[in-house]
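Dear colleague,

Please find below the structure that I am handing over to you.

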Amino acid sequence: MLKMMLVDDEKTVLHGISHILNKYCPNYEVISMVQSAAEALTILQDVCVDVVITDVKMPDMDGIELTKQIRTLYPQTEVVVLSGYDDFEFVRQTMKNGAYDYLLKPCHYQSILDILRKLEEGIVQRDNKAVISEEQEWFEKYADYDNLKMAVVSVQGCTDSGFMEHLKQELKKGNMPKEFVECIAVDPHYVILFQHSLDVTAARQRFYGYRQSLFQRGYSTNWVVADCHHGPARLSHTFDFCVEMIDFLQFNEMTLVLDVEMYQKYVDKQKTLHFSHYFSSEILGKYLLNGDFEKLSHYLETKWNQLYHRDSFWDPKLLKNEAVKEVLYMEHQLMDHGLQPISGEFADYIEKIRLLPTCRTLLDWLKNMIMDIVTNLHVEGPTPQYIHVVKKYIETHYMEDLCLKTVSDTVFLNPWYFSTQFKKYMNITFSEYLNQVRVRMAKQFLRQRDLKVYQVAEMVGFQDAAYFSTVFKNVENMSPKDFQKTVS
(Lines give C-alpha, C1' and ligand atoms only; values in the text may rest on other atoms or scores of the structure.)
Protein backbone atom coordinates (compact mmCIF):
# COMPACT_ATOMS: atom_id res chain seq x y z
CA MET A 1 0.00 0.00 0.00
CA LEU A 2 1.42 3.36 -1.04
CA LYS A 3 1.19 6.42 1.20
CA MET A 4 1.00 9.60 -0.85
CA MET A 5 1.02 13.36 -0.64
CA LEU A 6 -0.57 15.55 -3.33
CA VAL A 7 0.82 19.06 -3.94
CA ASP A 8 -0.84 21.55 -6.30
CA ASP A 9 -1.95 25.14 -5.92
CA GLU A 10 -5.24 24.29 -7.71
CA LYS A 11 -7.85 22.58 -5.53
CA THR A 12 -9.62 21.09 -8.53
CA VAL A 13 -6.48 19.19 -9.52
CA LEU A 14 -6.00 17.88 -5.98
CA HIS A 15 -9.58 16.66 -5.73
CA GLY A 16 -9.46 15.19 -9.23
CA ILE A 17 -6.39 13.03 -8.51
CA SER A 18 -7.75 12.11 -5.07
CA HIS A 19 -11.00 10.94 -6.71
CA ILE A 20 -9.09 8.76 -9.18
CA LEU A 21 -7.03 7.19 -6.39
CA ASN A 22 -10.07 6.53 -4.18
CA LYS A 23 -11.96 4.92 -7.06
CA TYR A 24 -9.25 2.85 -8.74
CA CYS A 25 -6.67 2.37 -5.97
CA PRO A 26 -8.55 1.98 -2.68
CA ASN A 27 -5.47 0.36 -1.12
CA TYR A 28 -3.45 3.54 -1.61
CA GLU A 29 -3.70 6.18 1.10
CA VAL A 30 -3.56 9.92 0.50
CA ILE A 31 -1.92 11.20 3.68
CA SER A 32 -2.18 14.88 2.83
CA MET A 33 -3.26 17.33 0.11
CA VAL A 34 -1.54 20.73 0.23
CA GLN A 35 -1.40 23.81 -2.02
CA SER A 36 2.23 24.87 -1.53
CA ALA A 37 5.68 23.29 -1.54
CA ALA A 38 6.55 24.91 1.79
CA GLU A 39 3.56 23.28 3.47
CA ALA A 40 4.53 19.94 1.94
CA LEU A 41 8.05 20.12 3.39
CA THR A 42 6.66 21.04 6.81
CA ILE A 43 4.39 17.99 6.86
CA LEU A 44 7.16 15.67 5.60
CA GLN A 45 9.13 16.46 8.77
CA ASP A 46 6.58 14.50 10.79
CA VAL A 47 4.98 12.10 8.30
CA CYS A 48 6.59 9.40 6.14
CA VAL A 49 5.18 9.05 2.63
CA ASP A 50 6.18 6.83 -0.28
CA VAL A 51 5.22 9.19 -3.10
CA VAL A 52 4.76 12.92 -3.56
CA ILE A 53 2.77 13.94 -6.64
CA THR A 54 3.47 17.62 -7.25
CA ASP A 55 2.78 20.31 -9.83
CA VAL A 56 5.87 21.93 -11.39
CA LYS A 57 4.50 25.46 -11.59
CA MET A 58 3.60 26.89 -8.18
CA PRO A 59 4.10 30.28 -6.50
CA ASP A 60 6.94 30.77 -3.97
CA MET A 61 8.66 27.38 -4.51
CA ASP A 62 8.18 25.43 -7.74
CA GLY A 63 8.21 21.66 -8.26
CA ILE A 64 11.85 21.68 -9.36
CA GLU A 65 13.11 22.98 -6.02
CA LEU A 66 10.64 20.82 -4.07
CA THR A 67 11.87 17.72 -5.88
CA LYS A 68 15.47 18.63 -5.12
CA GLN A 69 14.79 19.11 -1.40
CA ILE A 70 12.75 15.92 -1.07
CA ARG A 71 15.46 13.82 -2.74
CA THR A 72 18.04 15.37 -0.38
CA LEU A 73 16.09 15.22 2.88
CA TYR A 74 13.92 12.13 2.26
CA PRO A 75 15.73 9.86 -0.24
CA GLN A 76 13.23 7.01 0.31
CA THR A 77 10.36 9.20 -0.94
CA GLU A 78 9.70 9.20 -4.69
CA VAL A 79 8.45 12.25 -6.61
CA VAL A 80 6.08 12.30 -9.58
CA VAL A 81 5.61 15.72 -11.21
CA LEU A 82 2.55 17.16 -12.97
CA SER A 83 3.07 19.37 -15.99
CA GLY A 84 1.31 20.87 -19.01
CA TYR A 85 2.35 20.23 -22.60
CA ASP A 86 4.38 23.46 -22.69
CA ASP A 87 6.41 22.71 -19.56
CA PHE A 88 9.03 20.34 -21.00
CA GLU A 89 11.95 22.34 -19.61
CA PHE A 90 10.42 22.18 -16.11
CA VAL A 91 9.99 18.43 -16.48
CA ARG A 92 13.60 18.03 -17.64
CA GLN A 93 14.86 19.91 -14.60
CA THR A 94 12.76 17.88 -12.13
CA MET A 95 13.94 14.61 -13.70
CA LYS A 96 17.50 15.88 -13.41
CA ASN A 97 16.87 16.55 -9.71
CA GLY A 98 15.65 13.00 -9.12
CA ALA A 99 11.93 12.88 -9.98
CA TYR A 100 10.71 9.35 -10.65
CA ASP A 101 8.42 10.22 -13.58
CA TYR A 102 5.99 12.85 -14.83
CA LEU A 103 2.29 13.14 -15.74
CA LEU A 104 0.73 15.46 -18.30
CA LYS A 105 -2.31 17.50 -17.28
CA PRO A 106 -5.14 16.74 -17.61
CA CYS A 107 -4.26 13.30 -16.21
CA HIS A 108 -5.95 10.20 -17.58
CA TYR A 109 -6.62 7.77 -14.74
CA GLN A 110 -4.81 4.90 -16.49
CA SER A 111 -1.60 6.97 -16.74
CA ILE A 112 -1.68 7.61 -13.00
CA LEU A 113 -2.34 3.94 -12.23
CA ASP A 114 0.45 2.70 -14.51
CA ILE A 115 3.05 4.96 -12.91
CA LEU A 116 1.98 4.22 -9.33
CA ARG A 117 1.87 0.45 -9.82
CA LYS A 118 5.29 0.46 -11.45
CA LEU A 119 6.57 2.64 -8.62
CA GLU A 120 5.03 0.37 -5.98
CA GLU A 121 6.74 -2.68 -7.50
CA GLY A 122 10.08 -0.84 -7.33
CA ILE A 123 9.57 0.12 -3.67
CA VAL A 124 8.67 -3.47 -2.74
CA GLN A 125 11.75 -4.82 -4.54
CA ARG A 126 13.95 -2.20 -2.86
CA ASP A 127 12.62 -3.02 0.61
CA ASN A 128 12.91 -6.77 -0.01
CA LYS A 129 16.54 -6.38 -1.07
CA ALA A 130 17.28 -4.42 2.10
CA VAL A 131 15.65 -7.08 4.31
CA ILE A 132 17.39 -9.94 2.47
CA SER A 133 20.75 -8.18 2.81
CA GLU A 134 20.23 -7.70 6.57
CA GLU A 135 19.10 -11.29 7.04
CA GLN A 136 22.04 -12.64 5.06
CA GLU A 137 24.44 -10.64 7.21
CA TRP A 138 23.38 -12.22 10.49
CA PHE A 139 22.84 -15.62 8.87
CA GLU A 140 26.53 -15.63 8.00
CA LYS A 141 27.64 -14.09 11.30
CA TYR A 142 26.13 -16.85 13.47
CA ALA A 143 26.34 -19.75 11.03
CA ASP A 144 28.94 -21.79 12.94
CA TYR A 145 27.64 -21.40 16.49
CA ASP A 146 27.23 -24.70 18.37
CA ASN A 147 23.80 -25.76 19.71
CA LEU A 148 22.22 -22.70 18.17
CA LYS A 149 18.48 -22.39 18.55
CA MET A 150 16.05 -19.87 17.07
CA ALA A 151 12.85 -18.43 18.48
CA VAL A 152 10.69 -16.19 16.32
CA VAL A 153 8.20 -13.79 17.88
CA SER A 154 5.33 -12.06 16.10
CA VAL A 155 3.27 -9.26 17.67
CA GLN A 156 -0.42 -9.04 16.82
CA GLY A 157 -1.64 -5.61 15.83
CA CYS A 158 0.53 -2.52 15.78
CA THR A 159 3.80 -2.51 17.69
CA ASP A 160 5.40 0.53 19.26
CA SER A 161 9.09 1.31 19.27
CA GLY A 162 9.40 0.07 22.83
CA PHE A 163 8.54 -3.57 22.16
CA MET A 164 12.13 -4.62 21.43
CA GLU A 165 13.26 -3.16 24.76
CA HIS A 166 10.49 -4.98 26.65
CA LEU A 167 11.41 -8.20 24.86
CA LYS A 168 15.08 -7.87 25.82
CA GLN A 169 14.10 -7.20 29.44
CA GLU A 170 12.20 -10.48 29.48
CA LEU A 171 15.17 -12.32 27.97
CA LYS A 172 17.37 -11.17 30.89
CA LYS A 173 15.34 -13.30 33.29
CA GLY A 174 16.43 -16.78 34.45
CA ASN A 175 19.19 -18.59 32.59
CA MET A 176 18.67 -16.82 29.28
CA PRO A 177 21.45 -14.18 29.75
CA LYS A 178 24.22 -16.78 29.56
CA GLU A 179 22.53 -18.56 26.64
CA PHE A 180 21.41 -15.44 24.77
CA VAL A 181 23.25 -14.67 21.51
CA GLU A 182 21.27 -12.00 19.65
CA CYS A 183 17.84 -10.44 19.21
CA ILE A 184 17.12 -9.07 15.75
CA ALA A 185 14.10 -7.29 14.28
CA VAL A 186 13.22 -8.73 10.86
CA ASP A 187 10.01 -6.90 9.99
CA PRO A 188 7.40 -7.88 11.02
CA HIS A 189 9.06 -10.53 13.21
CA TYR A 190 11.62 -10.61 16.03
CA VAL A 191 14.30 -13.30 15.96
CA ILE A 192 16.00 -14.58 19.12
CA LEU A 193 19.16 -16.65 18.75
CA PHE A 194 20.35 -18.60 21.78
CA GLN A 195 22.61 -21.53 22.59
CA HIS A 196 21.08 -24.41 24.48
CA SER A 197 22.36 -27.95 24.83
CA LEU A 198 18.88 -29.37 25.53
CA ASP A 199 16.14 -30.07 22.99
CA VAL A 200 14.04 -27.06 21.95
CA THR A 201 11.00 -28.46 23.75
CA ALA A 202 12.81 -27.81 27.03
CA ALA A 203 12.79 -24.09 26.29
CA ARG A 204 9.09 -23.91 25.50
CA GLN A 205 7.94 -23.37 29.10
CA ARG A 206 10.38 -20.51 29.53
CA PHE A 207 9.15 -18.80 26.38
CA TYR A 208 5.57 -19.30 27.48
CA GLY A 209 6.42 -17.35 30.65
CA TYR A 210 7.90 -14.54 28.54
CA ARG A 211 4.74 -14.52 26.44
CA GLN A 212 2.56 -14.15 29.55
CA SER A 213 4.67 -11.29 30.90
CA LEU A 214 4.51 -9.43 27.61
CA PHE A 215 0.76 -9.96 27.51
CA GLN A 216 0.47 -8.22 30.86
CA ARG A 217 2.33 -5.29 29.29
CA GLY A 218 -0.30 -5.14 26.53
CA TYR A 219 1.46 -7.19 23.82
CA SER A 220 -0.24 -10.23 22.31
CA THR A 221 2.48 -12.38 20.77
CA ASN A 222 3.02 -15.67 18.97
CA TRP A 223 6.15 -17.74 19.64
CA VAL A 224 7.83 -20.60 17.79
CA VAL A 225 11.18 -22.29 18.44
CA ALA A 226 13.44 -24.55 16.37
CA ASP A 227 16.98 -25.96 16.05
CA CYS A 228 19.26 -24.09 13.64
CA HIS A 229 22.06 -26.60 12.93
CA HIS A 230 25.09 -25.26 11.03
CA GLY A 231 25.67 -23.09 7.98
CA PRO A 232 24.05 -19.87 6.70
CA ALA A 233 21.74 -21.81 4.37
CA ARG A 234 20.40 -23.86 7.29
CA LEU A 235 19.93 -20.71 9.36
CA SER A 236 17.97 -19.12 6.53
CA HIS A 237 15.90 -22.28 6.14
CA THR A 238 15.14 -22.34 9.86
CA PHE A 239 13.91 -18.76 9.78
CA ASP A 240 11.59 -19.46 6.82
CA PHE A 241 10.24 -22.55 8.58
CA CYS A 242 9.64 -20.57 11.78
CA VAL A 243 7.67 -17.94 9.82
CA GLU A 244 5.57 -20.77 8.38
CA MET A 245 4.84 -21.97 11.93
CA ILE A 246 3.99 -18.40 13.01
CA ASP A 247 1.48 -18.17 10.14
CA PHE A 248 -0.05 -21.45 11.31
CA LEU A 249 -0.46 -20.12 14.87
CA GLN A 250 -1.94 -16.80 13.77
CA PHE A 251 -4.33 -18.36 11.26
CA ASN A 252 -5.71 -20.79 13.82
CA GLU A 253 -5.59 -18.22 16.68
CA MET A 254 -3.57 -20.57 18.87
CA THR A 255 -1.93 -19.35 22.08
CA LEU A 256 0.69 -22.03 22.67
CA VAL A 257 4.45 -21.83 22.06
CA LEU A 258 5.04 -24.07 19.05
CA ASP A 259 8.07 -26.22 18.26
CA VAL A 260 8.83 -28.28 15.16
CA GLU A 261 7.73 -31.63 16.62
CA MET A 262 4.34 -30.24 17.68
CA TYR A 263 3.86 -28.50 14.35
CA GLN A 264 4.59 -31.69 12.43
CA LYS A 265 1.94 -33.56 14.41
CA TYR A 266 -0.66 -30.92 13.50
CA VAL A 267 0.38 -31.06 9.84
CA ASP A 268 0.19 -34.87 9.75
CA LYS A 269 -3.25 -34.85 11.37
CA GLN A 270 -4.73 -32.46 8.82
CA LYS A 271 -3.50 -34.41 5.78
CA THR A 272 -6.82 -36.26 5.84
CA LEU A 273 -8.78 -33.07 6.48
CA HIS A 274 -10.25 -31.36 3.42
CA PHE A 275 -12.39 -28.27 3.17
CA SER A 276 -14.63 -30.05 0.66
CA HIS A 277 -15.73 -32.40 3.48
CA TYR A 278 -17.56 -29.40 4.94
CA PHE A 279 -18.11 -27.03 2.03
CA SER A 280 -19.46 -28.41 -1.26
CA SER A 281 -19.94 -25.79 -3.96
CA GLU A 282 -21.83 -28.40 -5.97
CA ILE A 283 -24.45 -28.81 -3.22
CA LEU A 284 -24.63 -25.04 -2.70
CA GLY A 285 -25.05 -24.52 -6.44
CA LYS A 286 -27.91 -27.03 -6.49
CA TYR A 287 -29.74 -25.21 -3.70
CA LEU A 288 -29.13 -21.83 -5.32
CA LEU A 289 -30.37 -22.90 -8.74
CA ASN A 290 -33.45 -24.57 -7.29
CA GLY A 291 -34.20 -21.61 -5.07
CA ASP A 292 -34.14 -23.87 -1.99
CA PHE A 293 -33.02 -21.07 0.29
CA GLU A 294 -34.26 -22.74 3.47
CA LYS A 295 -32.23 -25.87 2.72
CA LEU A 296 -29.24 -23.73 1.77
CA SER A 297 -29.44 -21.75 5.01
CA HIS A 298 -29.73 -24.94 7.06
CA TYR A 299 -26.79 -26.46 5.20
CA LEU A 300 -24.62 -23.42 5.85
CA GLU A 301 -25.50 -23.22 9.54
CA THR A 302 -24.81 -26.93 10.05
CA LYS A 303 -21.53 -27.01 8.16
CA TRP A 304 -20.24 -23.74 9.56
CA ASN A 305 -21.01 -24.89 13.08
CA GLN A 306 -18.89 -27.98 12.41
CA LEU A 307 -16.08 -25.85 11.01
CA TYR A 308 -16.09 -23.36 13.88
CA HIS A 309 -16.06 -26.15 16.51
CA ARG A 310 -13.67 -28.57 14.81
CA ASP A 311 -11.05 -30.30 16.98
CA SER A 312 -8.25 -29.89 14.44
CA PHE A 313 -6.36 -27.00 12.87
CA TRP A 314 -5.87 -25.86 9.29
CA ASP A 315 -2.80 -25.26 7.18
CA PRO A 316 -3.40 -21.66 5.97
CA LYS A 317 -2.08 -22.28 2.45
CA LEU A 318 -4.00 -25.53 2.04
CA LEU A 319 -7.30 -24.11 3.28
CA LYS A 320 -7.02 -20.90 1.25
CA ASN A 321 -6.18 -22.82 -1.92
CA GLU A 322 -9.18 -25.10 -1.43
CA ALA A 323 -11.43 -22.13 -0.67
CA VAL A 324 -10.33 -20.40 -3.89
CA LYS A 325 -11.08 -23.53 -5.93
CA GLU A 326 -14.54 -23.97 -4.41
CA VAL A 327 -15.49 -20.30 -4.87
CA LEU A 328 -14.34 -20.22 -8.50
CA TYR A 329 -16.13 -23.49 -9.21
CA MET A 330 -19.35 -22.10 -7.77
CA GLU A 331 -19.00 -18.88 -9.78
CA HIS A 332 -18.49 -20.79 -13.03
CA GLN A 333 -21.38 -23.10 -12.15
CA LEU A 334 -23.70 -20.10 -11.84
CA MET A 335 -22.40 -18.53 -15.05
CA ASP A 336 -22.89 -21.80 -16.95
CA HIS A 337 -26.55 -21.56 -16.01
CA GLY A 338 -26.92 -18.04 -17.34
CA LEU A 339 -26.48 -16.17 -14.05
CA GLN A 340 -24.12 -13.30 -13.45
CA PRO A 341 -20.88 -13.86 -11.54
CA ILE A 342 -21.06 -13.35 -7.80
CA SER A 343 -19.67 -9.82 -7.86
CA GLY A 344 -21.03 -8.78 -11.24
CA GLU A 345 -17.55 -9.23 -12.71
CA PHE A 346 -14.69 -11.67 -12.22
CA ALA A 347 -13.36 -10.88 -8.77
CA ASP A 348 -9.79 -11.51 -7.72
CA TYR A 349 -10.68 -14.09 -5.10
CA ILE A 350 -7.08 -15.24 -4.76
CA GLU A 351 -5.99 -11.81 -3.51
CA LYS A 352 -9.06 -11.37 -1.27
CA ILE A 353 -8.62 -14.76 0.38
CA ARG A 354 -4.86 -14.35 0.69
CA LEU A 355 -5.29 -11.25 2.85
CA LEU A 356 -7.69 -12.88 5.33
CA PRO A 357 -5.62 -13.27 8.53
CA THR A 358 -7.39 -16.08 10.39
CA CYS A 359 -9.48 -19.16 9.75
CA ARG A 360 -12.44 -17.48 11.41
CA THR A 361 -12.28 -14.40 9.14
CA LEU A 362 -11.98 -16.69 6.11
CA LEU A 363 -15.09 -18.66 7.10
CA ASP A 364 -17.00 -15.46 7.89
CA TRP A 365 -16.07 -14.02 4.49
CA LEU A 366 -17.20 -17.16 2.68
CA LYS A 367 -20.49 -17.29 4.56
CA ASN A 368 -21.23 -13.61 3.93
CA MET A 369 -20.35 -13.99 0.26
CA ILE A 370 -22.76 -16.92 -0.14
CA MET A 371 -25.55 -15.05 1.63
CA ASP A 372 -24.94 -12.12 -0.75
CA ILE A 373 -25.48 -14.53 -3.64
CA VAL A 374 -28.74 -15.67 -2.06
CA THR A 375 -29.88 -12.07 -1.72
CA ASN A 376 -28.96 -11.21 -5.30
CA LEU A 377 -30.52 -14.35 -6.80
CA HIS A 378 -33.75 -14.31 -4.83
CA VAL A 379 -36.58 -13.09 -7.02
CA GLU A 380 -39.67 -11.76 -5.30
CA GLY A 381 -42.98 -12.97 -6.66
CA PRO A 382 -44.82 -16.21 -7.35
CA THR A 383 -42.41 -17.62 -9.95
CA PRO A 384 -39.84 -20.10 -8.52
CA GLN A 385 -36.17 -19.29 -8.79
CA TYR A 386 -35.40 -22.27 -11.02
CA ILE A 387 -37.76 -20.93 -13.70
CA HIS A 388 -35.73 -17.69 -13.84
CA VAL A 389 -32.52 -19.72 -13.94
CA VAL A 390 -33.77 -21.82 -16.86
CA LYS A 391 -34.89 -18.74 -18.80
CA LYS A 392 -31.43 -17.22 -18.44
CA TYR A 393 -29.85 -20.52 -19.36
CA ILE A 394 -31.89 -20.78 -22.57
CA GLU A 395 -31.07 -17.16 -23.47
CA THR A 396 -27.39 -18.05 -23.22
CA HIS A 397 -27.39 -21.54 -24.78
CA TYR A 398 -30.18 -21.32 -27.38
CA MET A 399 -27.74 -22.18 -30.22
CA GLU A 400 -26.87 -25.53 -28.65
CA ASP A 401 -28.70 -28.85 -29.04
CA LEU A 402 -31.05 -28.27 -26.11
CA CYS A 403 -33.65 -30.77 -25.01
CA LEU A 404 -35.98 -31.03 -22.03
CA LYS A 405 -33.65 -33.36 -20.12
CA THR A 406 -30.58 -31.22 -20.74
CA VAL A 407 -32.27 -28.12 -19.35
CA SER A 408 -34.02 -29.86 -16.43
CA ASP A 409 -30.68 -31.36 -15.41
CA THR A 410 -29.23 -27.87 -15.03
CA VAL A 411 -31.63 -27.21 -12.16
CA PHE A 412 -31.51 -30.77 -10.79
CA LEU A 413 -35.17 -31.55 -11.50
CA ASN A 414 -36.96 -34.53 -12.99
CA PRO A 415 -37.76 -33.77 -16.70
CA TRP A 416 -41.46 -34.57 -16.37
CA TYR A 417 -41.88 -32.48 -13.22
CA PHE A 418 -39.87 -29.62 -14.73
CA SER A 419 -42.01 -29.71 -17.90
CA THR A 420 -45.26 -29.42 -15.96
CA GLN A 421 -43.93 -26.63 -13.75
CA PHE A 422 -42.57 -24.66 -16.68
CA LYS A 423 -45.94 -24.80 -18.44
CA LYS A 424 -47.69 -23.84 -15.19
CA TYR A 425 -45.65 -20.68 -14.61
CA MET A 426 -44.87 -19.63 -18.22
CA ASN A 427 -48.21 -20.57 -19.84
CA ILE A 428 -46.33 -22.16 -22.74
CA THR A 429 -44.34 -25.36 -23.05
CA PHE A 430 -40.58 -25.55 -22.80
CA SER A 431 -40.29 -26.29 -26.54
CA GLU A 432 -42.47 -23.31 -27.44
CA TYR A 433 -40.41 -20.98 -25.28
CA LEU A 434 -37.14 -22.30 -26.77
CA ASN A 435 -38.49 -21.75 -30.29
CA GLN A 436 -39.55 -18.22 -29.42
CA VAL A 437 -36.05 -17.40 -28.17
CA ARG A 438 -34.45 -18.95 -31.27
CA VAL A 439 -36.77 -17.08 -33.64
CA ARG A 440 -36.10 -13.80 -31.84
CA MET A 441 -32.37 -14.29 -32.28
CA ALA A 442 -32.83 -15.45 -35.88
CA LYS A 443 -34.54 -12.15 -36.70
CA GLN A 444 -31.39 -10.32 -35.63
CA PHE A 445 -29.23 -12.45 -37.92
CA LEU A 446 -31.65 -12.23 -40.86
CA ARG A 447 -31.15 -8.46 -40.92
CA GLN A 448 -27.75 -9.24 -42.42
CA ARG A 449 -28.65 -9.94 -46.05
CA ASP A 450 -25.42 -11.82 -46.77
CA LEU A 451 -26.55 -14.67 -44.45
CA LYS A 452 -28.55 -17.50 -46.00
CA VAL A 453 -31.62 -18.94 -44.27
CA TYR A 454 -29.95 -22.31 -43.73
CA GLN A 455 -26.95 -20.55 -42.15
CA VAL A 456 -29.17 -18.64 -39.74
CA ALA A 457 -31.00 -21.85 -38.89
CA GLU A 458 -27.73 -23.48 -37.83
CA MET A 459 -26.65 -20.38 -35.92
CA VAL A 460 -29.74 -20.46 -33.69
CA GLY A 461 -29.74 -24.21 -33.04
CA PHE A 462 -31.86 -25.79 -35.81
CA GLN A 463 -30.34 -28.72 -37.67
CA ASP A 464 -33.04 -28.70 -40.37
CA ALA A 465 -33.60 -25.51 -42.37
CA ALA A 466 -37.07 -26.61 -43.47
CA TYR A 467 -38.17 -27.17 -39.88
CA PHE A 468 -36.67 -23.80 -38.94
CA SER A 469 -38.80 -22.14 -41.65
CA THR A 470 -41.92 -23.87 -40.34
CA VAL A 471 -41.25 -22.77 -36.75
CA PHE A 472 -40.40 -19.23 -37.85
CA LYS A 473 -43.65 -18.93 -39.86
CA ASN A 474 -45.72 -20.23 -36.92
CA VAL A 475 -44.26 -17.57 -34.64
CA GLU A 476 -44.01 -14.60 -37.03
CA ASN A 477 -46.74 -15.42 -39.59
CA MET A 478 -44.22 -15.12 -42.41
CA SER A 479 -41.30 -17.12 -43.72
CA PRO A 480 -37.66 -16.24 -42.92
CA LYS A 481 -37.13 -15.13 -46.54
CA ASP A 482 -40.13 -12.81 -46.45
CA PHE A 483 -38.93 -11.33 -43.15
CA GLN A 484 -35.51 -10.75 -44.65
CA LYS A 485 -37.11 -8.81 -47.50
CA THR A 486 -39.00 -6.55 -45.08
CA VAL A 487 -35.80 -5.45 -43.34
CA SER A 488 -33.64 -5.09 -46.46
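I begin with E253, which is partly exposed at a relative accessible area of 48%; here buried means under 20% relative accessible area, exposed over 50% and partly exposed in between, with a 1.4 Å probe and protein chains only. Please note that this is a predicted model, in which local features need pLDDT of at least 70 and side-chain atom pairs count only at pLDDT 80 or more, while totals for chains, interfaces and linings use all residues. Residues are numbered from 1 along each chain as its sequence is written, and side-chain values use heavy atoms, with hydrogens and water left out.

Salt bridges

What is the partner of E253 in a salt bridge? The partner is R360, and the closest N and O atoms of the two are 3.8 Å apart. A salt bridge is taken as a side-chain nitrogen of Lys or Arg within 4 Å of a carboxyl oxygen of Asp or Glu. E253 sits in the loop between α9 (232-252) and β10 (258-259), and R360 in helix α15 (residues 359-377), so the pair ties together parts of the chain 107 residues apart in sequence. Helices (H or I, at least four residues) and strands (E, at least two) are DSSP runs, numbered from the N terminus. R360 is also partly exposed, its relative accessible area being 42%.

In one of them, the side chains of R217 and E170 meet at 3.6 Å, N to O. This pair links distant parts of the chain, 47 residues apart: R217 belongs to the loop between α8 (204-216) and β9 (221-227), and E170 to helix α6 (residues 163-171). Are these two residues buried or exposed? R217 is partly exposed, with a relative accessible area of 40%, whereas E170 counts as buried at 1% relative accessibility.

In the other, K443 is paired with E476, and their closest N and O atoms lie 3.5 Å apart. Helix α19 (residues 430-446) holds K443 and helix α21 (residues 465-476) holds E476, so parts 33 residues apart in sequence are tied together. Both residues are partly exposed, K443 with a relative accessible area of 21% and E476 with 25%.

The parallel sheet

Which order do the strands of the open sheet follow? The sheet has 5 strands in the order β2-β1-β3-β4-β5, with parallel pairing; two strands are said to pair if DSSP finds at least two bridges between them. Strands β2 and β5 (101-104) stand at the edges with a single partner strand each, so one side of each is left without a neighbour in the sheet. On average, neighbouring strands are turned by 20° against each other, direction ignored. Axes are lines fitted to C-alpha atoms, for helices over the stretch in contact, and angles run from 0 to 180 degrees between N-to-C directions.

Strand β1 (residues 3-7) has 4 of its 5 residues buried. On one side, β1 pairs with β2 (residues 29-34) over 5 bridges, where V7 has V34 as its bridge partner. β1 also pairs with β3 (residues 51-55) over 4 bridges, and there the bridge partner of M4 is V51. Between β3 and β4 (residues 78-83) there are 5 bridges, with V79 of β4 as the bridge partner of V52.

Helix α1 packs on this sheet and touches β1, β2, β3 and β4, its direction making about 155° with that of β1; contact means heavy atoms within 4.5 Å. Helix α3 (residues 63-73) packs on the sheet as well, touching β1, β3 and β4, and its direction makes about 175° with that of β4. Residues up to four places away in sequence aside, T67 touches V79, V81, T94, N97, G98 and A99.

The protein as a whole

The protein has 22 helices and 10 strands. Buried residues make up 44% of its 488 residues. Of the contacts with a separation of 6 or more, 68% are between residues 24 or more positions apart.

With kind regards
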